[in-house]
Amino acid sequence: MAVLQNKIDFIVLVSANRANVNGDPLNGNMPRTDYNGFGEMSDVCIKRKIRNRMQDMGYPIFVQSADRCQDGFKSLKERAEAGIGKAAQGVYAQKACNIWLDVRSFGQVFSFIKGFSDGVRGPVTIRQAVSVSPVEIESMQITKSVNGEPPKAGKDRSPDTMGTKHFVRFGLYVIKGSINVQLAEKTGFSEEDAEIVKECLRTLFENDASSARPEGSMEVVRLYWWKHSCKEGQYSSAKVHRSLHIAPKEEGKLPESLEDYTITLDELPGLTPEVIDGI
């Protein structure tokens, strides 16, 4: 496989419709927001979904979630020992990059090796996603329809366990990221790997449905993919990301769909993005 030769920048537009985009466990699993009411989706959450898509596509993944574990290992240490065995510092990290797609993409710290620690800086970096407009969060009270445990003797009580579900009424989130060629050369991240990442972003919410994110409530609506003509890039990632402008059509009103926004793209001479609609 040919190692990546051209810097890549990308932006993914994601719409959320009555979904809990990324719950905060320290805040009752409420959808994450900043102090100004804009919705947030952590970079860790986004990378988890990319890893899941990589697994769906049949690629070996080092950081597997417990509910998607495919090899039976219960820890990263066990997986690393089985896959790599014993190796010297530096060689250990290189072997990990050769085996696992997510390691050569995002990097990994191997701090559990006896005698030393080894680390990998991955070429694919992703910023936390933020909504274009402040989001409106709603909460719904729910009850169980059956007792979790048998009632005590002499007490025939009906199910009454209460709970709460939280969701964003509507939000348009912007995911921004880049792929660095110099780091790709170190991990062996290839042109083919970049195409896999692109496909994972395009299909980010396939096989991701849950009670918090019902099927169809999360959608990739558009993917912008800039492939530069050189390793360093013709423009900085910041300038490329700033070239996309998204603004509500009507001031003072919270948008309720993608059609409520105006989306424009500045021209960057010599650099035209591939624009891909979601599935």
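In which helix does D102 lie? D102 lies in helix α4. The model is predicted.

- D102 has a relative accessible area of 1%, so the residue counts as buried.
- The side chain of D102 makes a polar contact with the side chain of R51, at 2.9 Å.
- Leaving aside residues up to four places away in sequence, D102 touches R51, M54, P60, I61, F62, V63 and G107.

**The buried side of α3**
- Helix α3 spans residues 91-99, and its buried residues are Y92, A93, A96 and C97.
- These residues sit on the same side of α3, because they cover an arc of only 140° around the axis.
- An α-helix has 3.6 residues a turn, so residues three or four places apart point the same way.
- The cover over the buried residues of α3 includes the helices α2 (76-84), α4 (101-106) and α5 (181-187).
- Strands β5 (107-110) and β6 (118-121) are also among the covering elements.

- Most residues other than glycine have a negative phi.
- R18 is not a glycine, yet its phi is positive, near 55°.
- R18 belongs to strand β1, residues 8-19.
- R18 counts as partly exposed because its relative accessibility is 41%.
- N207 is not a glycine either, and its phi is positive at about 60°.
- N207 is placed in the loop between α6 (191-202) and β11 (218-227).
- N207 has a relative accessible area of 55%, so N207 is exposed.

Key
Residues are numbered from 1 along each chain as its sequence is written. This is a predicted model: local features need pLDDT of at least 70, side-chain atom pairs count only at pLDDT 80 or more; totals for chains, interfaces and linings use all residues. Side-chain values use heavy atoms; hydrogens and water are left out. Helices (H or I, at least four residues) and strands (E, at least two) are DSSP runs, numbered from the N terminus. Buried means under 20% relative accessible area, exposed over 50%, partly exposed in between (1.4 Å probe, protein chains only). The arc is that of the directions from the helix axis to the C-beta atoms. Contact means heavy atoms within 4.5 Å. A polar contact is a pair of N or O atoms within 3.5 Å; within protein, one must be able to donate a hydrogen and the other to accept it, and residues adjacent in sequence count only if both atoms are side-chain atoms.
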